[in-house]
Amino acid sequence: MDKVRQWRVECPTCGHHTFITLEPDDVGQDFIEDCANCCSPIHIQVTEDLDGQLNVKVDGDDEQLY
């Protein structure tokens, strides 16, 4: 990933669609964004496959398994 991108995600709690900004440094990171509609935390994981394709996984903060 070589530039800033907008990525559309859906809140796992209320289903509201929102856009997040992904930067090159976000690959390999986990972060939390609050939903603009219901204020629930959205857990976002960003990875990149061998072909350079971004993979963004979204789940509720309370759905994480450790």
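Predicted model: local features only at pLDDT ≥ 70, side-chain atom pairs only at ≥ 80, totals over all residues.
Local features require pLDDT of at least 70 and side-chain atom pairs count only at pLDDT 80 or more, whereas totals for chains, interfaces and linings use all residues. Residues are numbered from 1 along each chain as its sequence is written, and side-chain values use heavy atoms, with hydrogens and water left out.

Strands are DSSP runs (E, at least two residues), numbered from the N terminus. An open sheet of three strands has the order 3-4-5, and its pairing is antiparallel; two strands are taken to pair if DSSP finds at least two bridges between them. Strand 3 (30–34) and strand 5 (54–60) are the edge strands, each pairing on one side only. From one strand to the next, the twist averages 30°, where axes are lines fitted to C-alpha atoms and angles run from 0 to 180 degrees between N-to-C directions.

Five bridges join strand 3 and strand 4 in the antiparallel sense. Within this pairing, Glu33 has Ile42 of strand 4 as its bridge partner. The two strands form a hairpin with six residues between them. Cys39 is located in this loop between strand 3 and strand 4 and has a positive phi of about 65°, although it is not a glycine. Most residues other than glycine have a negative phi. Cys39 counts as exposed, at 58% relative accessibility; in terms of relative accessible area, buried means under 20%, exposed over 50% and partly exposed in between (1.4 Å probe, protein chains only).

The largest nonpolar core comprises 10 residues in all: Val9, Cys11, Ile20, Leu22, Phe31, Cys35, Ile42, Ile44, Val46 and Leu54. Such a core is a set of buried Ala, Val, Leu, Ile, Met, Phe, Trp, Tyr and Cys residues joined through side-chain atoms within 4.5 Å. Strand 2 and strand 4 each supply at least two residues of this core, and the largest share, three residues, comes from strand 4.

Ile44, a member of this core, is in contact (heavy atoms within 4.5 Å) with Ile20, Gln29, Asp30, Phe31, Glu33, Val56, Lys57 and Val58, not counting residues up to four places away in sequence. Gln29 is found in the loop between strand 2 (17–22) and strand 3 and counts as partly exposed, at 39% relative accessibility. Although 15 residues separate Gln29 from Ile44 in sequence, their C-alpha atoms are 8.3 Å apart in space. With residues up to four places away in sequence again left out, Gln29 touches Ile44, Gln45 and Val46.

His43 lies in strand 4 (residues 41–48) and is buried, with a relative accessibility of 4%. The side chains of His43 and Asp30 are joined by a polar contact of 3.1 Å. A polar contact is a pair of N or O atoms within 3.5 Å; within protein, one must be able to donate a hydrogen and the other to accept it, and residues adjacent in sequence count only if both atoms are side-chain atoms.

The structure holds zero disulfides, a disulfide being a pair of cysteine sulfur atoms within 2.5 Å. The cysteine sulfur closest to that of Cys11 belongs to Cys35 and is 3.8 Å away, too far for a bond. Cys11 is buried, at 2% relative accessibility. For Cys38, the closest cysteine sulfur is that of Cys14, at 3.8 Å, which is likewise too far for a bond. Cys38 counts as partly exposed, at 29% relative accessibility.

Technical notes
Helix = DSSP H or I, 4+ residues; strand = E, 2+ residues; numbered from the N terminus.
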